[in-house]
Amino acid sequence: MSALPAAPSPARAAPGGALLGVARGLAARSLVNVTRRPSAVVPTIAMPLFFIVAFSGAFSSLTDIRGFPTDNPINWFMPWAIMQGAAFAGMGICFGVARDLEDGFYDRLLMAPTHRASLILGPMLAAVVRVLLPVVTVSAVGFLAGARLTDGPLGMVTLLVAAEGFALVAGLWGLGVVYRIREQKSSALIQVGIFVTMFLSVGQTPIDLQEGWLPHVARLNPLTYVIDMARAGFVGPITWADVWPGLVAIGVGLVVLGAWALTGFRRLVR
Amino acid sequence: MTIPVEAVGLVRRFGDIVAVAGVDLRVEPGEVFAFLGPNGAGKSTTVRMLTTLLAPSAGTARVAGYDVVTEAAQVRRAIGVALQDAAIDPLMTGRELLRLQAVLYGLPRARAEARSAELLERVGLTAAAGRRVGKYSGGMRRRLDLALSLLHEPEVLFLDEPTTGLDPTSRLNLWDELRTLNLEHGTTVFLTTQYLEEADQLAARIAIIDGGRIVREGEPNRLKAEVGAPTLRIEVRDAQADVARTVLARFGAERPDRAGVLAIGLDGGAAEMTSVVRALDEASVVIEHMELNAPSLDDVFAEATGRRLEGADGDAAAGPGATPGEPAA
């Protein structure tokens with residue numbers, strides 16, 4: 001067997017899609033498809049709304065417990081519900097990628113002369129936009145139901161940053177899984193990973209009020225610090241100490257799960 | 001001049017399974033080259049390696065002058081691909097898909113719009129361009145897929161079973177489109193198919209792949225001529241099959257065929273038909289059906305592999321203008 005000699009470059013060749021241009025194009029496709037398959041976005045809004053209504057009512061007495069950071073159950077559960085919406089937004093784009101892989105559309109993307117990073121960046125951009133859905137709708141319902149910012153508009157900024165960060169991290173986790181399994185059945189594993197992480201955090205109960213092994217796990221769970229950041233503007237004055245651990249947790253999550261997604265992506269064309 | 005497709009010793013393994021077992025290929029510029037074989041022969045796996053979707057386990061390949069492994073990005077710039085299952089998002093409209101394709105290939109917006117309009121017109125989808133692809137027929141999807149693969153004016157076009165599942169009219173239309181593309185634009189076409197007639201009608205050269213290996217390669221007419229004698233097929237009652245086989249053996253070597261059919265290469269050609277009928281009659285064999293066909297690509301395949309191409313009959317029936325066989329010369 002002999003290697004083939006190099007040949008001169010062809011007369012015709014497409015320039016190839018630019019990183020940001022392709023990412024924007026893929027994000028736009030994802031978002032347009034959301035409007036055409038509304039069922040795909042229902043969990044992003046419906047589940048958080050259900051949570052905020054059900055939990056704020058059923059667990060309203062929680063805030064009477066001594067040491068609870070707020071006496072307003074809506075203030076406690078609204079950021080948590082928005083974080084759930086963010087998780088669905090991040091996971092939702094992965095389900096779309098799984099569908100593309102399963103029906104062959106992803107081959108079209110892989111065969112295009114694009115910057116490979118754009119195929120990951122595109123879905124991430126879509127997730128960033130999709131997060132706005134739960135942030136806007138759940139906040140609107142929450143404020144109508146009695147949620148109050150305790151440190152002014154900055155509380156919405158920290159909540160938005162936390163939600164966006166979590167959506168991206170959840171999306172990268174999901175992409176890593178999808179790239180490895182390449183089928184829509186990967187959605188079960190993605191959701192298990194996300195929801196176990198969420199419920200082993202301070203989502204429902206402050207860490208000081210948790211008992212047994214739960215607080216130890218919650219302290220090790222990076223999501224705890226992201227949720228703390230999300231709630232910072234709803235449970236008191238915002239301090240840097242409320243925010244920086246969350247930012248670090250998001251940063252570490254992006255790096256680690258970004259590598260997880262990237263290594264999964266590379267397996268696609270082996 | 002750059003060789004559009006060239007492969008040496010191309011191998012792809014999936015665990016213990018060897019899907020492609022050392023394929024050597026060379027496609028000339030401006031040629032329509034057909035890669036013919038049954039399901040599972042290794043056609044699609046070879047195409048996936050040539051289009052950079054799969055890395056070869058061994059061997060080398062260059063497409064449009066670039067190595068498919070080390071220069072994959074350049075290969076992707078130069079090729080257009082329409083894969084077997086037209087991978088088209090059913091939620092998007094035809095026009096939106098063309099726009100996305102233009103973004104993926106980095107085409108300037110104005111050029112992309114003009115080219116899209118031209119291609120939509122060419123494949124007869126201008127009126128349907130604003131409709132979601134989920135509402136398209138199979139033929140419309142294939143034509144849109146073809147338009148998508150041509151948007152950036154590729155040097156080499158890969159079509160993986162482009163007419164599988166299409167009705168005869170849609171298949172004819174697509175063939176016409178491919179001929180025009182090749183003749184008027186000089187695009188090199190690498191076509192995989194399991195349809196004998198498709199390869200025969202479209203390709204200047206074919207390669208027959210079976211079990212991951214190329215078993216025959218060349219111009220269709222030359223390959224058929226190499227088979228030599230026309231194929232005589234007869235059908236008799238089961239109880240008389242052995243007697244008929246013994247009689248037929250005097251006139252030529254047995255050829256594989258579908259169950260219930262006895263086939264030989266009739267060494268003496270059409271002139272010997274009378275003798276065959278007489279011999280069978282003398283042996284009291286009742287002939288239920290008899291036909292003499294000039295060598296076909298199916299005969300080429302049968303000679304190379306010892307069996308008929310899977311679905312060959314279905315192919316003949318499905319193909320537009322298909323006939324049971326060409327008349328013997």
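Two residues are taken to be in contact if their C-beta atoms, placed from the backbone, lie within 7 Å. The model is predicted: local features need pLDDT of at least 70, side-chain atom pairs count only at pLDDT 80 or more, and totals for chains, interfaces and linings use all residues. Residues are numbered from 1 along each chain as its sequence is written, with chains lettered from A and ligands numbered from 1 in the order in which they are written.

Under this contact criterion, and leaving aside neighbours within four places in sequence, V63(B) touches P4(B), V5(B), L50(B), V68(B), V75(B), A78(B), I79(B) and V156(B). V63(B) is, with A163(A) and A147(B), among the residues with the most contacts inside the largest nonpolar core, which has 156 residues. Such a core is a set of buried Ala, Val, Leu, Ile, Met, Phe, Trp, Tyr and Cys residues joined through C-beta atoms within 7 Å; a residue is buried if 20 or more other C-beta atoms lie within 10 Å of its own. Helix α3 (residues 73–103) of chain A gives the most to this core, with 18 residues. A second, separate core of 14 residues includes I234(B), V247(B), V276(B) and V285(B).

Chain A comprises eleven helices and zero strands, helices being DSSP runs of H or I of at least four residues and strands runs of E of at least two. Of its 270 residues, 46% are buried.

Helices α7 (residues 154–181) and α11 (residues 240–268) of chain A pack at an angle of about 20°, with their axes 8 Å apart. α7(A) is therefore roughly parallel to α11(A), a term applied to angles under 35 degrees.

How values were computed
Axes fitted to C-alpha atoms, helices over the stretch in contact; angles between N-to-C directions. Parallel < 35°, antiparallel > 145°, perpendicular 65-115°, else oblique. Buried ≥ 20, exposed ≤ 12 C-beta atoms within 10 Å, placed from the backbone.
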